[in-house]
Amino acid sequence: MADKYKVPETHPDFRLNKRHYTNAELHLVAYNFIKEGEAFEEKIGSFLLDWIKPSKYVEVKTSGSTGKPKIIRIKKEQMINSAIATSRFFDLPEKTTALLCLPATYIAGKMMLVRAMVLGWQLDMVPPSSNPLDQVFKRYDFCAMTPFQLDNSVGRLHLIKKLIVGGGAVSPRLQKMVKEVSTKVYETYGMTETVTHIAAKRLNPSKNKKKSRPFKVLPNINISQDDRGCLVIKAPKLSDENITTNDVVEILTYKKFIWKGRIDNVINSGGVKLHPEQIEKKLSKIIDQRLFVTAMPDDSFGEKLVLFVENEFSEVFLQKLQKEISELKSLEKFERPKKIYFIEKFEETHTGKIHRENTFKSKVN
């Protein structure tokens with residue numbers, strides 16, 4: 001069969017919950033997880049069985065953050081290449097202690113298992129939850145979380161030496177929160193199609209620069225832009241084809257880029273293109289509450305910029321905000337919101353991100 005593939009034997013230093021397993025032994029562990037384990041262990045068991053099967057591919061479900069969730073096939077060889085690139089970029093050799101707190105349903109959770117098996121990491125598992133470090137009482141070299149999990153874990157981050165955060169943009173508010181922690185915190189850029197991250201940037205550098213850092217790409221990745229100004233990724237070790245994204249970027253060098261926002265979110269106000277994510281970053285300097293900006297139809301401009309703030313309505317706060325926004329020098333003329341709405345509690349997605357569309361509808365309808 002053309003699809004036959006022999007998965008490399010697990011690394012001699014590989015440990016899962018303190019025990020080493022060969023590929024043959026993983027079979028038994030996987031079956032045990034599926035038959036006797038908790039729901040999250042069942043998913044891990046299913047993936048382990050998929051991994052040791054003599055097949056070139058693993059089927060992976062996309063998260064649906066940029067469209068409808070779909071199932072795609074990824075080569076195991078590409079997952080191994082991704083693991084090696086991560087090890088090099090973040091300096092994570094064999095015997096790295098790592099914590100798995102993401103579900104093995106999606107690529108990020110699957111890749112933590114692959115890294116451990118291929119690179120020889122010592123991996124412990126905890127149930128995926130909004131506050132994964134609450135039941136952890138030892139230190140780890142490495143962990144991966146979503147922004148929502150990080151938000152609930154800042155108080156216990158000293159237990160992790162290096163943390164990568166993916167699955168959604170890290171809000172300016174959250175960036176402020178991690179500025180003083182000892183953990184090296186990195187925001188990653190990637191997607192299921194690129195077998196997790198292809199770039200990362202440190203969120204709390206030791207030299208506290210005012211300017212935010214650009215994303216730096218991992219080894220063997222080439223970047224360019226299409227005619228829309230969106231990122232195109234050439235990663236021959238991770239994907240057989242070039243990947244064209246809907247992310248508007250500014251390319252600084254062949255290794256570095258600044259993410260500006262999703263092209264689907266761009267607001268056209270009087271012919272001026274506005275990137276909500278950039279404006280939100282500026283507004284977060286003066287607003288501590290969660291916020292987002294979006295567009296409303298406007299007779300004069302076509303679309304006008306409006307601001308939503310997670311707070312109960314207060315006339316005093318509204319006037320204070322309007323004054324501070326008018327004095328905020330970093331905001332261009334068209335970047336100043338034409339109207340401010342207060343909402344006590346934003347609608348959220350299942351991963352804890354702000355559900356902009358639903359929140360907007362709940363207020364405007």
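How many salt bridges does the count come to? I started there, and the count comes to 19 salt bridges, where a salt bridge is a side-chain nitrogen of Lys or Arg within 4 Å of a carboxyl oxygen of Asp or Glu.

**Ground rules**

I noted that this is a predicted model, in which local features need pLDDT of at least 70 and side-chain atom pairs count only at pLDDT 80 or more, while totals for chains, interfaces and linings use all residues. Residues are numbered from 1 along each chain as its sequence is written, and side-chain values use heavy atoms, with hydrogens and water left out.

**Overall build**

I looked up the secondary structure and got nine helices and 19 strands. The radius of gyration is 22 Å, close to the 21 Å that the globule rule gives for 365 residues, so the protein is as compact as a globular protein of that length. For my own reference, that radius is taken over C-alpha atoms, and the globule rule is 2.2 Å times the number of residues to the power 0.38. Helices (H or I, at least four residues) and strands (E, at least two) are DSSP runs, numbered from the N terminus.

Along the principal axes, the C-alpha atoms fill a box of roughly 65 × 45 × 45 Å. I also checked burial: 46% of the 365 residues count as buried. Buried means under 20% relative accessible area, exposed means over 50%, and partly exposed is in between (1.4 Å probe, protein chains only).

**Salt bridges, one by one**

A reminder to myself: side chains of opposite charge can pair when their charged atoms come close.

I went to Lys53, which forms a salt bridge with Asp50, the closest N and O atoms being 3.3 Å apart. Lys53 is partly exposed at 44% relative accessible area, and Asp50 is partly exposed too, at 26%.

Is Arg262 buried or exposed? Arg262 counts as buried because its relative accessible area is 16%.

Lys345 counts as exposed at 54% relative accessibility, whereas Glu348 is partly exposed at 35%. This pair belongs to a network of salt bridges that links Arg290, Glu310, Lys345 and Glu348.

**A positive patch**

Which residues form the positive surface patch? I found Lys207, Arg213, Lys216 and Lys256. The patch rule takes residues with over 30% relative accessible area and no salt bridge, joining like charges within 9 Å and nonpolar side chains (Val, Leu, Ile, Met, Phe, Trp, Tyr) within 5 Å. Lys and Arg count as positive, Asp and Glu as negative, with His and the chain ends not counted. The place of a charge is NZ of Lys, CZ of Arg, CG of Asp or CD of Glu.

I then located Lys207 in the loop between β9 (196-202) and β10 (215-217). Lys207 is exposed, with a relative accessible area of 64%.

Most residues other than glycine have a negative phi. I looked for exceptions and noted two residues.

Lys18 has a positive phi, near 80°. Lys18 lies in the loop between β1 (15-16) and α1 (23-36) and is exposed at 63% relative accessible area.

Asn220 has a positive phi of about 65°. Asn220 lies in the loop between β10 and β11 (222-225) and counts as partly exposed at 43% relative accessibility.

**Distances across the chain**

I took some C-alpha to C-alpha distances to finish.

Phe308 sits in strand β18 (residues 302-310) and is buried, with a relative accessible area of 0%. Phe308 and Thr359 are 51 residues apart in sequence and 8.8 Å apart in space.

Where is Pro12 found? I placed Pro12 in the segment before β1, where it counts as exposed at 61% relative accessibility. Pro12 and Lys339 are 327 residues apart in sequence and 61 Å apart in space.

Ile343 is in strand β19 (residues 339-343) and counts as buried at 10% relative accessibility. I got 55 Å between the C-alpha atoms of Ile343 and Lys6, which are 337 residues apart along the chain.

How values were computed:
Accessible areas come from the Shrake-Rupley method with a 1.4 Å probe; for residues, only the protein chains shown count as cover.
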